[in-house]
Amino acid sequence: MLKRLIVKYWDVLSYLFFGGLTTVVNYAVYLPCFNLLGMSAAVSNVIAWAVAVLFAFLTNKPFVFKSHDWSAKTVWPEFIKFVGCRIGSGVLETAIIFVTVDLLYWNGNWMKLTTSVLVVILNYFASKLLVFKK
């Protein structure tokens with residue numbers, strides 16, 4: 001019973017797992033940039049976004065969406081679509097962080113956490129429906 005549920009919902013479960021790891025990577029870059037180096041929240045977010053997107057592609061492609069063709073003719077279109085989808089959610093996240101943290105001086109650590117939830121949901125559906133569709 002449990003095995004059947006895991007198989008049935010593998011893409012969601014594995015996306016949540018690797019999405020969690022991607023969030024850790026994102027925070028591992030954002031928090032030092034924002035808290036230690038004193039960069040603005042928006043700049044810190046853009047840097048963290050770039051690193052996290054690369055990590056997410058490298059893990060989501062084989063483990064979440066079971067796309068194992070690493071030939072250039074397959075990887076480049078997938079990568080371009082993946083980054084294109086992530087640009088949308090990255091711009092939205094950065095805009096929210098810019099307004100709430102850099103302009104309104106809300107807590108940058110909490111706003112990063114709050115926007116991350118929205119981004120994970122948006123990115124899952126974009127990847128499933130547009131990038132790694134079966």
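Me: Is glutamate 93 buried or exposed?
Reply: This model is predicted. Buried means a relative accessible area under 20%. Glutamate 93 has a relative accessible area of 3%. That puts glutamate 93 under the cut-off, so the word is buried.

Me: Which residue forms a salt bridge with glutamate 93?
Reply: Side chains of opposite charge can pair when their charged atoms come close. A salt bridge needs a Lys or Arg nitrogen within 4 Å of a carboxyl oxygen. For glutamate 93, the closest N and O atoms of the pair are 3.2 Å apart. The partner is lysine 112.

Me: What is the relative accessible area of lysine 112?
Reply: Lysine 112 counts as buried. The limit for that word is under 20%. The value for lysine 112 is 0%.

Me: How many residues apart in sequence are the parts tied together by glutamate 93 and lysine 112, the pair in the salt bridge?
Reply: Glutamate 93 lies in helix H4. Lysine 112 lies in helix H5, which covers residues 108–131. The pair therefore ties together parts of the chain whose separation in sequence is 19 residues.

Me: How many salt bridges does the structure hold?
Reply: One of them joins glutamate 93 and lysine 112. Glutamate 78 and lysine 61 also meet in a salt bridge, at 2.5 Å from N to O. The total for the structure is two.

Me: Which helices hold glutamate 78 and lysine 61, the side chains that meet in a salt bridge?
Reply: Both residues are buried. They are 17 residues apart, and the pair links distant parts of the chain. Glutamate 78 sits within residues 72–103, and lysine 61 within residues 41–64. Those stretches are helix H4 for glutamate 78 and helix H3 for lysine 61.

Me: What pattern does the chain follow along the sequence?
Reply: The chain has zero strands. It has five helices. Read along the sequence, that gives α-α-α-α-α.

Me: What is the radius of gyration of the chain?
Reply: The chain has 134 residues.

Me: How far apart do the centres of the positive and negative sets lie?
Reply: There are 12 positive side chains. There are 5 negative ones. The centres of the two sets lie apart by 12 Å.

Key
Residues are numbered from 1 along each chain as its sequence is written. This is a predicted model: local features need pLDDT of at least 70, side-chain atom pairs count only at pLDDT 80 or more; totals for chains, interfaces and linings use all residues. Side-chain values use heavy atoms; hydrogens and water are left out. Helices (H or I, at least four residues) and strands (E, at least two) are DSSP runs, numbered from the N terminus. The radius of gyration is taken over C-alpha atoms; the globule rule is 2.2 Å times the number of residues to the power 0.38. Lys and Arg count as positive and Asp and Glu as negative; His and the chain ends are not counted. The place of a charge is taken as NZ of Lys, CZ of Arg, CG of Asp or CD of Glu. Buried means under 20% relative accessible area, exposed over 50%, partly exposed in between (1.4 Å probe, protein chains only).
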